[in-house]
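Visitor: Please take a close look at the ligand site. Which pocket does the ligand sit in?

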Amino acid sequence: MKKRVLSGIKPTGNLTLGNYLGALKHFAKYQDEHEVFIFIADLHALTLPIEPEVLRKLTRDIVAFYLASNLDPSKTTIFLQSQVSEHSELNAILQNYLYMGELNRMTQFKDLSLKMKQSAIGLGLFAYPVLMASDILLYDAQIVPVGEDQKQHVELTRDLVDRFNKRYGNILVMPEPVISKVGARIMSLSNPLQKMSKSDPKGDVFLLDDLKVIEKKIMAAVTDSGSEIKYDVKNKPGISNLISIYASIENITTKDVEEKFKNSQYGEFKKAVAMCVINELGPFKKRYEEIINSSLIEETLAEGALKAKKIAKQTLSRVQKAVGLLHVE
Ligand code: AQP
């Protein structure tokens, strides 16, 4: 049965191999069977300080990466969050159905706020999961493909749906986070205990890196003591991370990777990982280069905003009526 699928990426930094393997790579596979909405979470990007020209550049980059990853605008609705004002309008309603205690418990907020001065933490960063819930619920999305780090936010959206529907009837559609078996949490190459993250670029492989630089970074990845190619996140986080990268790109299991490299040394394995990343990203980057300076980006966004708005309007109106806002057509 045809389902609604929604996901997005926020333009907070150059996209990483983690963003690619945990999210981007999976989006296009839904578009032949389902109704897919993929957006650029530009309002979310404002939750941390960012220069206007940087935000504009990163936003166009993400659209180009979406198109380079074979998302077809005639099948998938690709749009900017800020161009569909219903996101902010639904956010204004839904913020009353999530509680401060719940938002305080979000791991991503806790991690980020630990690194910041208390007085510099904006309300938007704290309330981020409400806007994310609005993004998802506005499109009645049933499937939300994300990396592991976003699972908690989708779970919170599910709690909100439960709470809201108990009070007002069956108004909001329950979403399901879909997390790939491998590649859902790619770690930093310089510190495999820390997630590879675009806003904290230590040990990142960037999709815009030169292929030679990518090779160098992977060859220099921190590994563990011993010499066995074994998937053991606790005792061998460095090698396990490289196994995840290889398995995710080749669409095989971590066990398959162990078997394939059971007689290899670390150096040989790293070389194989570097080559498979390059073979995957080489053609992808080429497509990005062809798109980034074309008007296809603006055309895609204009068309996407119209399509997204049509659906968003209907859901917002349903919610407004349900909570008792007087509706004058
Ligand atoms: N290291 C990762 N491994 C696998 N998946 C990842 N994702 C992010 N990092 C990894 C997934 O990429 C999508 C983009 O999410 P986002 O832009 O909303 O931001 P995020 O989850 O907070 O990702 P970043 O790169 O860590 O961004 P910053 O540094 O800005 O917070 C999501 O599906 C995410 O799970």
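Guide: The ligand sits in the largest pocket. A pocket is an open set of points, on a 1 Å grid over the protein atoms alone, with protein on both sides within 12 Å along at least five of seven lines. To sit there, a molecule needs more than half of its atoms within 2 Å of the grid points.

This is a predicted model: local features need pLDDT of at least 70, side-chain atom pairs count only at pLDDT 80 or more, and totals for chains, interfaces and linings use all residues. Numbering runs from 1 along each chain as its sequence is written, and side-chain values use heavy atoms, without hydrogens and water.

The shell holds 22 residues (a heavy atom within 4 Å of the ligand). Among the closest are Thr 12, Asp 149 and Lys 195. By class, 7 are nonpolar, 10 polar (Gly among them) and 5 charged (Asp, Glu, Lys and Arg). Helix 1, residues 17-27, gives the most, with 4 residues. Helices here are DSSP runs (H or I, at least four residues).

Now the polar contacts, pairs of N or O atoms within 3.5 Å. The side chain of Thr 12 places an N or O atom 2.5 Å from a ligand oxygen. A polar backbone atom of Lys 10 is 2.7 Å from an oxygen of the ligand. At Gly 18, a backbone N or O atom lies 3.1 Å from a ligand nitrogen.

Note on methods: A polar contact is a pair of N or O atoms within 3.5 Å; within protein, one must be able to donate a hydrogen and the other to accept it, and residues adjacent in sequence count only if both atoms are side-chain atoms. On a 1 Å grid over the protein atoms alone, a cavity is a set of points where a 1.4 Å probe fits but cannot get out, and a pocket is an open set with protein on both sides within 12 Å along at least five of seven lines; lining residues have an atom within 4 Å of a point. Helices (H or I, at least four residues) and strands (E, at least two) are DSSP runs, numbered from the N terminus.
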